[in-house]
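This report describes selected features of the structure shown below.

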Amino acid sequence: MTAPEPVAATGDSLDPHDPTPVAAAAARFVVVDGVDGMLCDDGTCAPPVPRPSPAER
Amino acid sequence: MPTAPVRVDVWSDIACPFCYIGKRNLEAAVSTSGVPVEITYRSFQLDPDLPEDITGSNAEQLAAKMGVTVERARGMERQTTTMAQQVGLDFDYERMQPANTFHAHRLLHLARAHGRQAELKDRLLSAFFVEGRHVGHLEELADLAAEAGLDRDVAIAALADGSFAAEVADDVARARAYGITGVPFFVLDEKLAVSGAQPAEVFVEALQRAVAEQEAA
């Protein structure tokens with residue numbers, strides 16, 4: 001059986017049977033900058049984390 | 001040149017306060033920006049191993065899961081309640097009935113097939129966070145489906161025969177493949193992503209970037 005062709009990091013189909021390797025898939029989207037936290041993960045919801053000021057970065 | 005609606009795939013759960021808050025922020029951004037969108041809600045279960053019926057309060061459940069005191073868990077509830085109030089949502093954690101959301105996700109796929117997914121998603125979130133209704137029991141879910149404009153008999157038949165379990169599993173598998181570990185997670189035109197219940201202005205920026213990418217293509 002032939003291995004699937006590698007796919008580009010962005011813009012691929014959201015086909016559930018897409019064989020994209022996990023490592024490539026995690027990097028496929030350009031994540032728009034926002035506030036850290038604000039997520040529910042593993043049944044818990046993280047408190048928002050203030051972004052550091054430019055001086056603190 | 002007019003652009004196509006921006007496709008927004010939203011991975012989220014029902015029992016997820018930030019998913020409800022994020023949904024409101026996205027809706028505000030769509031209204032503010034005027035960008036046409038086509039939204040699809042994808043399944044993600046934060047706790048797929050929860051039993052159908054759970055005794056005790058949400059805070060007790062949360063405290064046990066996280067290994068913190070019930071008081072600390074109540075503090076987290078107060079925090080999300082305050083955030084929800086800022087977007088016009090009146091969470092009631094005292095009435096909330098923790099539940100496994102698998103059947104609710106199956107129902108959302110049925111609703112999508114009938115063009116009523118957005119209505120049902122909102123109905124489920126309000127039922128869980130505001131009205132204290134049980135979103136794990138099939139009869140209650142069928143009632144909610146009817147309130148969202150679906151045929152109750154069609155809903156109860158689909159819930160009873162196990163329909164759309166594969167679609168739920170596909171969404172969860174895709175989230176895992178994409179490296180999504182927390183929700184809500186928004187994917188725009190399969191290119192841009194917004195992670196978390198970001199302020200509306202972040203969604204506006206994302207929508208405008210998606211439109212700019214369409215125009216540049």
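## Model and chain A

The structure is a predicted model. Chain A contains 1 helix and 3 strands, and these elements follow the order α-β-β-β from the N terminus on.

Of the 57 residues in chain A, 25% count as buried.

## Nonpolar cores

The largest nonpolar core comprises 48 residues, and the members that touch the most others are Trp11(B), Leu124(B) and Val135(B). At least two residues of this core come from each of the following elements of chain B: helix 1 (17-33), helix 3 (70-85), helix 4 (102-113), helix 5 (117-129), helix 6 (138-147), helix 7 and strand 3. Helix 5 of chain B gives the most, with 6 residues.

Another core, of 21 residues, lies apart from the largest one. Its members include Val32(A) as well as Val6(B), Val10(B) and Ala210(B).

## Helix 6 of chain B

In helix 6 of chain B, the buried residues include Leu141(B), Ala142(B), Leu144(B) and Ala145(B). Because these residues cover an arc of only 160 degrees around the axis, they are on the same side of helix 6 of chain B.

The cover over the buried residues of helix 6 of chain B includes helix 4, helix 5 and helix 7 of chain B. Just after helix 6 of chain B, Gly149(B) takes a positive phi of about 100 degrees.

## Backbone features in the loops of chain B

Two residues other than glycine have positive phi values in loops of chain B, namely Phe164(B) and Asp189(B). For Phe164(B), phi is about 70 degrees; this residue belongs to the loop between helix 7 (152-160) and helix 8 of chain B. For Asp189(B), phi is near 50 degrees, and the residue is placed in the loop between strand 3 and strand 4 (192-195) of chain B.

A cis peptide bond, with omega about 10 degrees, joins Val183(B) and Pro184(B). Pro184(B) is found in the loop that runs between helix 8 (165-177) and strand 3 (185-188) of chain B.

Key: Residues numbered from 1 in each chain as written. Chains lettered and ligands numbered in written order. Predicted model: local features only at pLDDT ≥ 70, side-chain atom pairs only at ≥ 80, totals over all residues. Heavy atoms only, no water. Helix = DSSP H or I, 4+ residues; strand = E, 2+ residues; numbered from the N terminus. Core = buried A, V, L, I, M, F, W, Y, C linked by side-chain atoms within 4.5 Å. Buried < 20%, exposed > 50% of the residue type's maximum accessible area, 1.4 Å probe, protein only. Arc of directions from axis to C-beta. Contact = heavy atoms within 4.5 Å.
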